[in-house]
Structures are given as structure tokens and as C-alpha cells.
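Biologist: I would like to learn how to read a few features of a structure, one at a time. Please give the general idea before the particular case.

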Amino acid sequence: MTTDNRRGIWSRRDFFTRIGWGGFGLFCFATLVGFLRSAFPRVLFQPPSTFKAGLPSDYTLGEVSDKYIQQFRVWIIREDEGIYANFAKCTHLGCTPRWLAAEDKFKCPCHGSGYYKSGLNFEGPAPRPMDRFKVEVAEDGQLAVDKSVLYKMEPGVEPDDQHPESVLKI
């Protein structure tokens, strides 16, 4: 006759072995769930490619509006020729130039590239003029800037001559 000296159903060794394997199983399950969850992101943020920029009468002739520089990285300029939207990105390394009203030019703070109001580069290492976005009048009479339509400028040519369609005639 054999005598069993155990007090309960499991010995202490059996208990800790089962706790260890259970913890390992939970760890593996959590890792698998995390891996599967990473394949399906919760948020896919894409800012709208078109935004309303107010009425054409909101813009003063000869002025550069920096109202949308923070949110959309766009300057809206009204000239005699019409209204156009410059992409606020230096064509040298992608910095955001500043509008210097006293000097009537855009100036990149990083490497000193300078641009006229039209976007044409005239100083510094910028290889070409600033790009423009499409501007049109929406059904409600407001300006609609479409950032999905980019007019990429070539070096040495005035932007108005390269892409006359980038200027909205008012």
C-alpha cells in the first residue's frame, strides 16, 4: 500500500508550475492580440485637400494673407492679375519661409532663400520658384483652395507665365 503525503489535490510544485505556464500563456495571447491589433490602425488622419478661404472681397489688392499659414501652409495673394495661393514651403529644403511686408518678399529663415510675392526665387540656394495650389470660386461664392492640385514651378521662369491657370481671374 502506498501512502500519499500530499495535503490537497496539488502539491506546491504543481501549483507553481501551473501558475508559470498560465502566465506564459497569457503573455503569448497578449502578444498575439497586440500583433493582430497593430495590423488595423484606429485612426487614419488625412487633412482635407480642399478648404474654404473666404470671399474674394476679404483680400486686399497687393496684400499677402497669412491667415491659413499655420493650418494649411498656404499664403493667399491678391494682385491685379487675380488671386493665387502659394505653397509656404521653401524649394531648397522644405522650410517655411516668412513674409516680410516691409521688404515685400518671402524670406526663408534656414538658408536665406528669398522669393518675390509671385513666388519667383531671386536669392539664396532655392533652386526654383515656390509652388502654387489651385484656387477657384465655390458655389457659395467663397474661394476654394485645392491642395491636391499642385502647380510645380520650373527654375528661371515667372510662375504666372509657367502656369497661368494657377491664378484665379477676378
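Biologist: How many disulfides does a search of the whole structure find?

Modeller: A disulfide is a covalent bond between the sulfur atoms of two cysteines. The rule used here is a pair of cysteine sulfur atoms within 2.5 Å, and the search of the whole structure finds one. That disulfide joins C95 to C110, with an S to S distance of 2.5 Å. Before going on: this is a predicted model, in which local features need pLDDT of at least 70 and side-chain atom pairs count only at pLDDT 80 or more, while totals for chains, interfaces and linings use all residues. Residues are numbered from 1 along each chain as its sequence is written, and side-chain values use heavy atoms, with hydrogens and water left out.

Biologist: Which hand does the disulfide of C95 and C110 have?

Modeller: The torsion about the S-S bond is about -115°, so the disulfide of C95 and C110 is left-handed. C95 lies in the loop between β4 and β5, and C110 in the loop between β6 and β7 (114-115), so the pair ties together parts that are 15 residues apart in sequence. The element labels come from DSSP runs: helices are H or I of at least four residues, strands are E of at least two, numbered from the N terminus.

Biologist: Is C95 buried or exposed?

Modeller: Buried means under 20% relative accessible area, exposed over 50%, and partly exposed in between, with a 1.4 Å probe and protein chains only. C95 is buried at 17%, and C110 is partly exposed at 42%.

Biologist: What does K105 do with its side chain?

Modeller: Side chains of opposite charge can pair when their charged atoms come close. A salt bridge is counted where a side-chain nitrogen of Lys or Arg is within 4 Å of a carboxyl oxygen of Asp or Glu, and the count comes to eight. K105 meets E123 in one of these, at 3.0 Å from N to O. E123 lies in β8 and K105 in β6, so the pair ties together parts that are 18 residues apart in sequence. E123 also forms a salt bridge with K107, the closest N and O atoms being 2.8 Å apart. E103, K105, K107 and E123 are linked in a network of salt bridges. Within it, K105 is buried at 12%, while E123 is partly exposed at 25% and K107 is partly exposed at 24%.

Biologist: Which residues of β4 are on one side and which on the other?

Modeller: In a regular strand the side chains alternate between the two faces of the sheet. In β4 (residues 83-87), I83, A85 and F87 are on one side and Y84 and N86 on the other, and all are buried. β4 pairs in the antiparallel sense with β3 (residues 74-78) over five bridges, Y84 being the bridge partner of I77. Two bridges join β4 to β9 (residues 132-137), also antiparallel, where R132 is the bridge partner of N86.

Biologist: Which residues have the most contacts inside the largest nonpolar core?

Modeller: In soluble globular proteins, nonpolar side chains tend to be buried together. A nonpolar core is a set of buried Ala, Val, Leu, Ile, Met, Phe, Trp, Tyr and Cys residues joined through side-chain atoms within 4.5 Å. The largest has 15 residues, and A53, I76 and V145 have the most contacts inside it. β3, β4, β9 and β10 (143-151) each supply at least two residues of this core, and the largest share, three residues, comes from β4.

Conventions: Pairing = 2+ DSSP bridges.
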